[in-house]
Amino acid sequence: MALDKQTLDQLALHLENCQLECKDTLKVTDTHPDMDWDDAYAIQDRILAAKLARGSRMAGYKAGLTSHAKMKQMGVTDPVFGFLVDDYIVAEGAEVKVSELIHPKVEPEICFVTKVELKGPGCSIANVLAASDIVLPGIEVIDSRYRDFKFDLKSVVADNTSASRFVVGGRAVDARSVDLRTTGIVFEKNGEVVGLGAGAAVLGHPAAAVAMLVNHLGRRGKSLPAGSLVLSGGITEAVSVKAGDCVTLRVQGMGSVSTRFV
Ligand code: 0L1
Ligand code: MG
């Protein structure tokens with residue numbers, strides 16, 4: 001690790017304050033260019049610890065930057081991983097308050113719920129499908145704490161991969177009963193189509209993103225517990241939203257999920 005404990009504590013506090021106070025900041029590597037991957041995930045871990053200490057509950061994990069569309073949009077090359085807590089859950093059909101966010105964007109995703117523990121290294125798509133219970137549509141609301149979404153990968157990891165809200169819903173189906181590579185999605189904002197795609201946009205198969213998450217956790221001595229919810233990553237580019245917008249994700253064979261921004 002390149003940063004000392006005090007610096008990691010300060011950076012975690014600063015980034016979480018930006019989230020809680022809805023204010024943006026410059027990316028961490030502007031002031032700490034030597035920050036390494038372990039530092040970045042250590043900052044993320046500290047943000048999670050602070051939330052849990054205040055009473056938040058773990059709600060799952062997310063993979064980010066998993067599609068070529070999204071990687072191209074953000075000018076990066078590798079996926080990243082973050083956590084979800086219960087504060088981020090938005091009930092299906094419920095409203096998201098933009099006053100609690102900085103500059104939200106939405107992403108259409110496939111959400112997995114597992115039924116047995118998964119451990120890496122060596123986790124594959126097959127292991128993920130064997131361990132999964134259901135899959136269902138999910139809309140992730142991302143809200144980078146970095147000004148104008150300008151960041152590099154390590155800074156994004158420190159900022160918990162821009163996680164802020166998510167809504168899952170529609171029709172849950174058995175993860176093994178569908179070919180998620182060819183499952184089509186239509187993403188709409190205010191009734192207009194803003195994104196079209198299929199599951200294969202996410203690393204060839206959305207379960208590949210979950211396998212990468214499990215292998216990432218394994219490298220850090222952790223596993224993915226049974227019953228975990230995982231957002232596998234945006235199938236299309238992220239779309240900006242503002243108060244008044246209504247977003248719907250339709251997934252082939254899984255119905256639709258919507259949320260409204262107020
Ligand atoms: O979930 C995501 O793909 C977002 C990852 C973080 C980068 C961003 O804020 O766009
Ligand atoms: Mg996402």
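Colleague: How do the residues of the shell around ligand 1 divide into nonpolar, polar and charged?

Modeller: Please note that this is a predicted model. The shell around ligand 1 comprises 6 nonpolar, 3 polar and 4 charged residues.

Colleague: Which residues come nearest to ligand 1?

Modeller: Among the 13 residues around ligand 1, the nearest are Lys62, Leu65, Lys70, Glu140 and Ser162.

Colleague: And which elements each supply at least two residues of that shell?

Modeller: These are β1 (58-64), α4 (68-74) and β5 (132-142).

Colleague: What is the distance from the side chain of Ser162 to an oxygen atom of ligand 1?

Modeller: An N or O atom in the Ser162 side chain lies 2.5 Å from an oxygen atom of ligand 1. For Lys62, a polar side-chain atom is 2.8 Å from a ligand 1 oxygen, and for Glu107 the corresponding side-chain N or O atom is 3.0 Å from an oxygen of ligand 1.

Colleague: How much of ligand 1 does the protein bury?

Modeller: Ligand 1 exposes 300 Å² when taken alone, and the protein buries 100% of that. Ligand 1 sits in the largest cavity.

Colleague: Turning to the metal, which residues coordinate the magnesium ion (ligand 2)?

Modeller: Glu107, Glu109 and Glu140 coordinate the magnesium ion, each through OE, at 2.0 to 2.1 Å. Along the chain, these donors follow the spacing E-x1-E-x30-E.

Colleague: Which strands hold Glu107 and Glu140?

Modeller: Glu107 lies in strand β4 (residues 105-114) and Glu140 in strand β5, so this pair ties together parts 33 residues apart in sequence.

Note on methods:
Residues numbered from 1 in each chain as written. Chains lettered and ligands numbered in written order. Predicted model: local features only at pLDDT ≥ 70, side-chain atom pairs only at ≥ 80, totals over all residues. Heavy atoms only, no water. Near = heavy atom within 4 Å. Polar contact = N/O pair within 3.5 Å; in protein donor to acceptor, adjacent residues only side chain to side chain. Areas by Shrake-Rupley, 256 points an atom, 1.4 Å probe, with all protein chains shown as cover. 1 Å grid on protein atoms, 1.4 Å probe; cavity = no way out; pocket = protein on both sides within 12 Å on 5 of 7 lines; lining within 4 Å. Sits in = over half its atoms within 2 Å of the grid points. Helix = DSSP H or I, 4+ residues; strand = E, 2+ residues; numbered from the N terminus. Nonpolar A, V, L, I, M, F, W, Y, C, P; charged D, E, K, R; others polar. Donors = N, O, S within 2.8 Å, 3.2 Å for Na, K, Ca; no water.
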